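Please have a look at the sequence and the structure first, and then I will walk you through some places in it.

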Amino acid sequence: KPVGDSLPSASQVNALLKLLKVEQLGIAGIFKTSQQHLGNLKPWKEFFLPISNPGQGETCTRLTQNVTTYRTNYLVIFLLVAVLMILRSPSSVACIGIMAVAWVWFLKKNEDAEWKPVVVGIEMGPTMRTIAMTLLTALVVLGWLGQTLFSAFFFSACAAGLHGIMHKPPEAEEDFGLGPEGV
């Protein structure tokens, strides 16, 4: 099996997480969850083929089965479309760059025990500061990139709906996966 086709092992992911110190940032769960979801990614050949017109009354069944089966593939397509749309917009790239620099500065400053900002008479601790920075980031990203992200979501949802209707879903195994020879 080629190296590029295999996912990293759990020990490799854990070693990388320790190296990056993401547990201190509270985002280790995101990496572990994404590895679990990427394990559900179906092969792209199976995703794209076979395509056929649905029979009468088959549209909803196909859509439901395909969304359930290929949800991870749809997510990857959305992420790729979103990244490409963001990269096409210099102001979006600048926004992300500015936020990345702001986060680097914030994370270094947040480790300083002497830094105790006061907002509306309340001294903010490290957790409160991180929550405030996360909310600020969400507001800036949604305000600046909201239209781009909505466009990417709309395009991906339309593509997923079209695919879900036109793609013939894999046949469900009867007899709990035993098939005719297991009977």
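This is a predicted model: local features need pLDDT of at least 70, side-chain atom pairs count only at pLDDT 80 or more; totals for chains, interfaces and linings use all residues.

Let me begin with W115, which lies in the loop between α7 (90-110) and β1; helices here are DSSP runs of H or I with at least four residues, strands are runs of E with at least two, and both are numbered from the N terminus. Leaving aside residues up to four places away in sequence, W115 touches W105, F106, K109, N110 and R129, where a contact means heavy atoms within 4.5 Å. W115 and P126 are 11 residues apart in sequence, and their C-alpha atoms are 9.1 Å apart in space.

Residues are numbered from 1 along each chain as its sequence is written, and side-chain values use heavy atoms, with hydrogens and water left out.

How confident is the predictor in the protein chain, in terms of average pLDDT? The average is 80, and 73% of the residues score at least 70, on a scale of the predictor's confidence in each residue that runs from 0 to 100. Over residues 173-183 the pLDDT stays under 50, and for that stretch the model has 3 contacts beyond four places in sequence.

As for the overall layout, the protein chain has 8 helices and 2 strands, and from the N terminus on the order is α-α-α-α-α-α-α-β-β-α. Buried residues, meaning those under 20% relative accessible area, as against exposed ones over 50% and partly exposed ones in between, with a 1.4 Å probe and protein chains only, make up 20% of the 183 residues.

Now to helix α6, residues 71-87, which has 17 residues and reaches 24 Å from its first C-alpha to its last, close to the 24 Å expected at 1.5 Å a residue, that expectation being 1.5 Å times one less than the number of residues. Its buried residues are T72, N73, Y74, V76, V81, A82 and I86. L75 is also found in α6, but L75 counts as partly exposed because its relative accessibility is 44%. Between L75 and A157 there are 82 residues in sequence and 9.8 Å in space, C-alpha to C-alpha.

Which helix has an axis that comes within 9 Å of the axis of α6? That is helix α8, residues 126-166, and the two axes cross at roughly 145 degrees, the axes being lines fitted to C-alpha atoms over the stretch in contact, with angles from 0 to 180 degrees between N-to-C directions. The contact is made by residues including Y74, F78 and M85 of α6 and L145, F153 and H163 of α8.

Two local details remain. A cis peptide bond, with omega about 0 degrees, joins L49 and P50, and P50 lies in the loop between α4 (44-48) and α5 (59-69). V120, found in the loop between β1 (118-119) and β2 (122-123), has a positive phi of about 55 degrees although it is not a glycine, and V120 is exposed, with a relative accessible area of 79%.
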